[in-house]
Amino acid sequence: MKEKIYKIAVFRFDPLKDTAHRFDHYTVPASKANTVLDALIYIRDYIDGTLAFRASCRQGRCGSCAMHINGRYGLACEVRLVPGQNRVRPLGQMPIIKDLMVDMERFWEKYEAVKPYLVRKSNEAAQTYANRRKIEKTVDCILCGACFSACMMTGVNSGFHGPAAFVVMNRFLLDDRDALRDQRLEIVKGENGVFRCHSMYNCNEACPKNIKPAENILEIKKNID
Amino acid sequence: MLRLHYHNEKLRWIFQRVTGLQLLLCAGIHIWVFFFILERPLSYETIHAVLSHPVWLVFYSVFLFLGIYHGFSGLWTVLTDRNPSNTVKRTLKIILISLGAIFMVLGEWNLIMLSV
């Protein structure tokens with residue numbers, strides 16, 4: 001495929017050295033099939049070895065390379081370079097470790113808080129096909145953190161669990177085999193729980209797997225007495 | 001210690017939406033009556049005649065309550081979005097409920113004065 005020169009502005013910030021962030025501008029040779037992650041890897045390997053970012057599977061499965069690309073959240077390994085200027089920023093609402101890497105501690109804390117595991121009602125763990133179909137819309141979540149970053153509420157309210165945690169919770173609420181239904185609902189029925197969601201649908205826009213966290217949140221709301 | 005706490009967030013959430021829809025309905029009726037039914041130009045006598053009817057007095061009292069509840073409940077939600085301390089929340093609740101009660105009394109007083 002014919003290669004062209006693509007321009008990319010990359011967010012740079014090292015909290016140990018810098019007082020403010022900046023955008024470094026690079027030009028990379030790439031074809032129209034190349035993704036933003038390809039460009040970042042090229043920059044790191046051939047232009048600036050100090051550029052920090054996370055990436056792993058390169059096929060949209062691990063969620064490591066979620067970032068803010070050209071005005072939207074997405075996976076760098078799935079978003080293709082656009083002609084003209086590309087602009088890459090790290091995930092929002094989380095402290096920056098370096099450049100495009102963020103500290104996802106709070107995201108994982110909130111994830112753990114909703115008990116993201118199955119506690120079986122009995123040793124028999126048979127699941128009906130119909131029930132498996134019901135949870136299908138939630139199991140695709142790769143925990144990339146894009147929805148958490150796009151959510152206005154996670155940014156302002158430290159007690160709010162965030163869309164990803166709610167999606168995972170709904171996955172277990174929908175599961176017939178789960179024994180923790182009441183305990184799970186108790187976690188999110190409070191003042192900073194699921195009713196704090198303003199239904200702005202930013203999470204739906206951000207989700208690279210098209211899971212629609214806002215609709216999962218609405219389902220949880222319906223389940224609460 | 002003063003405890004003004006909604007024990008059921010779901011009820012508050014539902015009531016906020018229900019009052020929003022009812023407000024739309026009330027506002028629609030109000031606009032329809034004042035712009036298309038009553039003779040123009042509007043005068044004090046016309047308004048007095050409308051509010052003299054008990055049905056309209058009750059209608060505007062309900063309209064007033066819905067507006068005040070919806071507005072102050074919404075304000076509470078926005079002001080507590082940042083998860084302030086319990087002291088701030090308690091103070092906010094006292095202020096908002098007091099303001100709401102004052103507005104309700106003032107509004108109701110005006111409605112009654114216009115109706116007699």
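## Basis of the description

The model is predicted, and local features need pLDDT of at least 70, side-chain atom pairs count only at pLDDT 80 or more, and totals for chains, interfaces and linings use all residues. Residues are numbered from 1 along each chain as its sequence is written, chains are lettered from A and ligands numbered from 1 in the order in which they are written, and side-chain values use heavy atoms, with hydrogens and water left out.

## Overall fold

Chain A contains nine helices and seven strands. Helices (H or I, at least four residues) and strands (E, at least two) are DSSP runs, numbered from the N terminus. The C-alpha trace of chain A spans about 55 × 40 × 30 Å along its principal axes.

Of the 225 residues in chain A, 49% are buried. Here, buried means under 20% relative accessible area, with a 1.4 Å probe and protein chains only. Among contacts in chain A with a separation of 6 or more, 65% join residues 24 or more positions apart; contact means heavy atoms within 4.5 Å.

## Two domains

Chain A is divided into domain 1 (4-102) and domain 2 (105-223), with bounds that come from an automatic or database domain assignment. The C-alpha centres of domain 1 and domain 2 of chain A lie 28 Å apart. Across the boundary, 13 residues of domain 1 of chain A are in contact with 17 residues of domain 2 of chain A.

## Helix 2 and its buried face

Helix 2 of chain A covers residues 105-113, and A:Phe107, A:Lys110 and A:Tyr111 are buried in this helix. Seen down the axis of helix 2 of chain A, the buried residues fall within an arc of 105°, so they line one face of the helix. The arc is that of the directions from the helix axis to the C-beta atoms. An α-helix has 3.6 residues a turn, so residues three or four places apart point the same way.

The cover over the buried residues of helix 2 of chain A includes helix 4 (146-150) and helix 6 (163-173) of chain A. Just after helix 2 of chain A, A:Lys115 takes a positive phi of about 55°.

A:Val167 belongs to helix 6 of chain A and is buried, with a relative accessible area of 2%. Leaving aside neighbours within four places in sequence, A:Val167 is in contact with A:Thr138, A:Cys141, A:Ile211, A:Pro213 and A:Asn216. A:Asn216 is 49 residues from A:Val167 along the chain, yet their C-alpha atoms are separated by 5.7 Å.

## Cavities

There are two cavities of 30 Å³ or more. On a 1 Å grid over the protein atoms alone, a cavity is a set of points where a 1.4 Å probe fits but cannot get out, and lining residues have an atom within 4 Å of a point. Grid points are joined across faces, edges and corners, and a volume is the space filled by probe spheres set on the points. The largest cavity has a volume of about 130 Å³. Of the 15 residues that line the largest cavity, A:Cys151, A:Cys197, A:His198, A:Ser199 and A:Met200 are the closest to its centre.

The second largest cavity has a volume of about 100 Å³. Of its 14 lining residues, A:Cys141, A:Cys144, A:Cys147, A:Cys207 and A:Ile211 are the closest to the centre. Helix 4 and helix 6 of chain A each supply at least two residues of this lining.

How values were computed:
Buried means under 20% relative accessible area, exposed over 50%, partly exposed in between (1.4 Å probe, protein chains only). On a 1 Å grid over the protein atoms alone, a cavity is a set of points where a 1.4 Å probe fits but cannot get out, and a pocket is an open set with protein on both sides within 12 Å along at least five of seven lines; lining residues have an atom within 4 Å of a point.
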